Amino acid sequence: MSGTEKKYNEAESWVVEAETFRDSVGTMDNTGKRRWVFPRKPKGKYTNYRYLVSIVLLAIYFVIPFLKINGNPVLLFNIIERQFFIFGQPFYPQDFFILALGAIASLIFIILFTVAFGRIFCGWICPQTIFLEMIFRKIEYAIEGDRNKQIRLDSQAWDSEKIWKRALKWTIFIIISLVITHIMFMYIVGYEEVLRIMQEGPFAKPTNFLVMIMFTAAFYFVFAWFREQVCTMVCPYGRLQGVLIDKETINVFYDYKRGENRSKWKKGEDRRAQGKGDCIDCKQCVVVCPTGIDIRDGLQMECVNCTACIDACDEVMVKVGLPPGLIRYASEKEIEEQQQFKFSGKMKIYSVILTLLVGFLGFLLYNRGQMEAKFLKPPGSTFFVRDGKITNTYNYTFLNKSNETKTVIIKIIEPKNGEISSSATNKIVLKRDAMIKGTINVSFPESQIKLSKQNLELGVYDMNGELLDSYNTYFEGPFKFQF
């Protein structure tokens, strides 16, 4: 048998395989009952790229909780104790306006990115896709085999083979869910606290243990059973894309002008002379789809842009001697007008805006100032006069947001000629990521205070004379009639 004939026979065998099991493809049957999806194991150029991206992202997820910058966690979101660290920088409740602005900028980023580049996030970066396709599905393939073997195993009785394979798979799924949950909690309370809780055992802190079990059960439920239903039924992003994309948005598309009229492959046939398109109706794009859709039906909410159909179709096209790219990344406008991909003006503008948004987010994260200072008058306090000077008392609160210890002094910025006295030393030492409170007295000559309430600005300076923060308050004095 020649190499060409072998390729044709392999293509025809794929058609038979797809025809045999096509009824099990799709997430629901005609009655609305869920139909389990058994996707064929994908392979190809895009799949390899996704493997590399997934390895990097998984490494980041599992390693970041153990990394520190200047002694601070790289990422920590301890809501209970109100401790937040982003890239090693501490954030406090009073910084939440920055996080709110960052969240708004992130939402704009997602909208613009989706308008220009579609749902690339879903297929390449989304944790749901990465965990399911790159961990849980891989384990399933290793234990139960590829699509055909999984279908046969699912339909057969609960014999010894099915019992041990399912038991082994579910046990590993539970272990991985436990690992994912523990790592997730490290982002909340830190890895030291998680390791300490593990050493103490479940009975020392039963509440923590119960929460851990609940999250593990949730992860197991999602990745062992709910699976693609998260993308098709729960996640709002798929529905959001329906109002965001247009004819110039890049998505995974089937080139219907080239592919139709679709027809089975026949050896030695001149398809163009017969009025047939390049699609040989092998349904390989269907059997590899993790959400069970047919990409040839056009853009669908269930499509997560995972590129499995691109690799499957390209493999078939090469086997039968037709050009690859029948399914590819393209815009609807490119397919309609049969144009080559080009970076459109809209995509260039959106890319610039996206870059500016990333820069803005970085600016928000790092331009918070090193110090936050407040000077407040104690409730019910008033001024007192002594030795020709009017004195007010202020309680101060300093928060050192930097990663280094600072020595600071307090000075009056406006008005001039005032004095500051304190029972403690004039130099205040602030440890990194720490808050300190104290009391000072501010005095002015009686002749300088003309109003019962006068604006006062106090500043906090480091030992090099650099202003770290300032605070506007008021200075009280005796009421005077003005003539």
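## Basis of the model

The model is predicted, so that local features need pLDDT of at least 70 and side-chain atom pairs count only at pLDDT 80 or more, whereas totals for chains, interfaces and linings use all residues. Residues are numbered from 1 along each chain as its sequence is written, and side-chain values use heavy atoms, with hydrogens and water left out.

## The four-stranded sheet

Four strands form an open sheet in the order E13-E11-E15-E16, with antiparallel pairing; strands are DSSP runs of E with at least two residues, helices are runs of H or I with at least four, and both are numbered from the N terminus, while two strands pair if DSSP finds at least two bridges between them. Strand E13 (428–430) and strand E16 (467–476) stand at the edges, and because each has a single partner strand, one side of each is left without a neighbour in the sheet.

Strand E11 (residues 406–414) is joined to E13 by three bridges, with valine 408 opposite isoleucine 428 in E13, and E11 pairs with E15 over six bridges in the antiparallel sense. Nine bridges then join E15 to E16, one of the pairings being that of glycine 459 with serine 470 in E16. Seven of the ten residues of strand E15 (residues 453–462) are buried, so this strand is largely enclosed by the rest of the structure; buried means under 20% relative accessible area, exposed over 50%, and partly exposed in between, with a 1.4 Å probe and protein chains only. In the hairpin of E15 and E16, which has four residues between the strands, glycine 465 takes a positive phi near 85°.

## Aromatic pairs

A search of the whole structure finds 22 aromatic pairs, where rings of Phe, Tyr and Trp (its six-membered ring) pair if their centres lie within 6.5 Å, and planes under 30 degrees apart count as stacked, over 60 as edge-to-face and the rest as tilted. Phenylalanine 185 and phenylalanine 215 form an edge-to-face pair, at 5.5 Å centre to centre and 90° between the planes. This pair links distant parts of the chain, with phenylalanine 185 in helix H7 (residues 160–189) and phenylalanine 215 in helix H9 (residues 206–226), 30 residues apart.

The rings of phenylalanine 219 and phenylalanine 223 are stacked, because their centres are 6.3 Å apart and their planes are at 5°. These two residues are four residues apart in helix H9, and are therefore separated by about one helical turn; both phenylalanine 219 and phenylalanine 223 are buried, and both belong to one aromatic cluster that also includes Tyr61, Phe62, Phe131, Phe136, Phe173 and Tyr187.

## Salt bridges

Across the whole structure, a search finds 27 salt bridges, each being a side-chain nitrogen of Lys or Arg within 4 Å of a carboxyl oxygen of Asp or Glu. Glutamate 140 forms one with lysine 169, the closest N and O atoms being 2.9 Å apart, and the pair links helix H5 (residues 127–144) to helix H7. Glutamate 140 is buried at 3% relative accessibility, and lysine 169 is buried with a relative accessible area of 6%.

Arginine 166 and glutamate 144 form a salt bridge with their closest N and O atoms 2.8 Å apart, and both residues are buried. Salt bridges that share partners join Glu140, Glu144, Asp154, Arg166, Lys169 and Arg227 into one network.
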